[in-house]
Amino acid sequence: MFKREKSIEIQQNRDVQCAHGKVAVQGIGMSVYSFFVDGLLIDAGSYSLSQEFQSFFNEIQIEQLALTHSHEDHSGNAAWIQQHKGVPIYIHRDSVSVCAKDGEYPFYRQALWGERPAFNAQPLGDTLQTKSATWDIIETPGHTTDHVAFYNRETGALFTGDLYIQTKTKVVLDEENIVHTLASLLNYDFEEVYCCHAGFLADGRAKIQEKITYLEEMESNIRQLFDKGYSVEEMTKTIFSRDYPITKVSGEQWSSKHIITAFINQFTQESLK
């Protein structure tokens, strides 16, 4: 039986309380944030950190919960909030039925994040209203098809779920389309970003622009190799020199090659137009 090492730290940035949960299993560590502002809880953390996050939830006055997407590290404690707080829970319309059943995902993810219990959610609209602010709901498919970001019109803060994480992404999920994750965000007037794995980014707009530049450069490199007839495996070895532990642990559900294939799919679609 594996043993989890767990902790949580509460931080305050502007008017946002940031609960930073950390979990490690057999040397593999991950972290995830839940954010609370103006009565709104954005993401609920993982069930593996249930005691840690619940201690935070009991100290705040939650009026509603909004989820950036249905992944278990973001929705793991939604059922507990529903049972103990009785507040409405919102998620992308495509994931309402998914969340009504217990989460199904590979064992390595259960080891890190726990088993996500079922809960009842309502579909998000175009906006969300809290006591002091109107929030734009921005559909941002890429990391998942049900992914959304939340933009606070009054403060200009942007809550990006799993869109950013880090500037130089090296591995992604097999379901992820990294080509379509970030560009639409630049239409909004923001500087500060709250990322569910990187936390508060005071220079968030610059960080997102850096990531867009990184992806554009990668796209150019992949296209050159693609035009030369390189295989996916050859391109992966050329562009990503390291083997990342998560690739083996996940049975390649997380892999650098998924970045390559996402761009190749785009090239192929463009050639058919």
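**View 1. Residue C18 stands opposite F35 of strand β3.** The model is predicted, and its local features need pLDDT of at least 70, side-chain atom pairs count only at pLDDT 80 or more, and totals for chains, interfaces and linings use all residues. Residues are numbered from 1 along each chain as its sequence is written, and side-chain values use heavy atoms, with hydrogens and water left out. Strands β2 and β3 run antiparallel and are joined by nine bridges. Strands (E, at least two residues) and helices (H or I, at least four residues) are DSSP runs numbered from the N terminus; two strands pair if DSSP finds at least two bridges between them.

**View 2. Strands β1 and β2 form a hairpin.** Ten bridges join β1 (residues 4-13) to β2 (residues 16-25) in an antiparallel arrangement. Across this pair, I10 faces A19 of β2. Two residues separate the strands, and R14 in the turn has a positive phi of about 55 degrees. Most residues other than glycine have a negative phi.

**View 3. D38 and D43 each have a positive phi without being glycine.** D38, with a phi of about 55 degrees, is found in the loop between β3 and β4 (40-42). For D43 the phi is about 70 degrees, and this residue lies in the loop between β4 and α1 (50-57). D43 counts as buried because its relative accessibility is 0%; buried denotes under 20% relative accessible area, exposed over 50%, and partly exposed the range in between (1.4 Å probe, protein chains only).

**View 4. Helix α3 (residues 78-85) has four buried residues: A78, A79, W80 and I81.** These residues pack against β4, α1, β5 (64-66), α2 and β6 (89-91), where contact means heavy atoms within 4.5 Å. G86 follows α3 and has a positive phi, near 60 degrees.

**View 5. A second open sheet comprises six strands in the order β8-β9-β10-β11-β13-β14.** Its pairing is mixed. β8 (127-129) and β14 (199-201) stand at the edges with a single partner strand each, so one side of each has no neighbour in the sheet. From one strand to the next the twist averages 25 degrees (axes are lines fitted to C-alpha atoms, for helices over the stretch in contact; angles run from 0 to 180 degrees between N-to-C directions). β13 (residues 193-195) pairs with β14 in the antiparallel sense over three bridges, and C195 stands opposite G199 of β14.

**View 6. The largest pocket holds about 730 Å³ of space.** Its lining comprises 31 residues, with M30, I165, V171, I246 and W254 nearest the centre. At least two lining residues come from each of β3 (28-37), α2 (72-75), α5 (107-113), β12 (172-173) and α8 (245-249). By class, 16 of the lining residues are nonpolar, eight polar and seven charged (nonpolar: Ala, Val, Leu, Ile, Met, Phe, Trp, Tyr, Cys and Pro; charged: Asp, Glu, Lys and Arg; polar: the others, Gly among them). On a 1 Å grid over the protein atoms alone, a pocket is an open set of points where a 1.4 Å probe fits, with protein on both sides within 12 Å along at least five of seven lines; lining residues have an atom within 4 Å of a point. Grid points are joined across faces, edges and corners, and the volume is the space filled by probe spheres set on them.
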